[in-house]
Amino acid sequence: MNKQSFLSLQKVDYQASVLDLDQNHTHFILVDSGASGDNDVEIKLRANLVKRISNLKIDADEPTSISVPIITVILEEGAVTIKHLKAAFDASIPAVILHVR
């Protein structure tokens, strides 16, 4: 894995033929470690990013400020899903697991 980290902020014009992103969203965070077939870095980064966001305060200047609530929702099974669940637990993020038939 490349030891260098690069941050790139770019405006991307939505083109359905090129990107499969939900056009109803205003912002996206795209992560790619450059390692083919290995998504462990992205999974851990996502869990850590979510945890950091949850530590932010809503109305921080107010005495009734609260942290941003977070939870992981698991809807499907598979090896990648298990990796997401483990990363969430490692970051102390609670999870709800639904069995859908």
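Let me start with the buried residues of helix α1, which in this predicted model are Glu42, Ile43, Ala47 and Ser54. These residues lie on the same side of α1, because they cover an arc of only 135° around the axis. What do the buried residues of α1 pack against? Their partners are β2, at residues 66–67, and α2, at residues 79–90.

The face of α1 turned away from that buried side carries exposed residues, Lys44 and Arg52. As for the helix itself, α1 runs over residues 40–54, 15 residues in all. From its first C-alpha to its last it reaches 21 Å, close to the 21 Å expected at 1.5 Å a residue.

The protein has two helices and four strands, and along the sequence they follow the pattern α-β-β-β-α-β. Of its 101 residues, 13% are buried. The protein exposes about 9000 Å², and carbon and sulfur atoms supply 54% of that area. Turning to contacts between residues at least 6 apart in sequence, 37% of them join residues at least 24 apart.

Thr72 belongs to β3, which spans residues 72–74. Is Thr72 buried or exposed? Thr72 is buried, because its relative accessible area is 17%, and the cut-off for buried is under 20%. Leaving aside residues up to four places away in sequence, Thr72 touches Ala88, Ile93, Pro94, Ala95 and Val96.

I close with a backbone detail. Most residues other than glycine have a negative phi. Ser92, however, has a positive phi of about 60°, although it is not a glycine. Where is Ser92 placed? Ser92 sits in the loop between α2 and β4, the latter being residues 95–97. With a relative accessible area of 54%, Ser92 is exposed.

Terms used: Residues numbered from 1 in each chain as written. Predicted model: local features only at pLDDT ≥ 70, side-chain atom pairs only at ≥ 80, totals over all residues. Heavy atoms only, no water. Expected span 1.5 Å × (residues − 1). Buried < 20%, exposed > 50% of the residue type's maximum accessible area, 1.4 Å probe, protein only. Arc of directions from axis to C-beta. Contact = heavy atoms within 4.5 Å. Areas by Shrake-Rupley, 256 points an atom, 1.4 Å probe, with all protein chains shown as cover.
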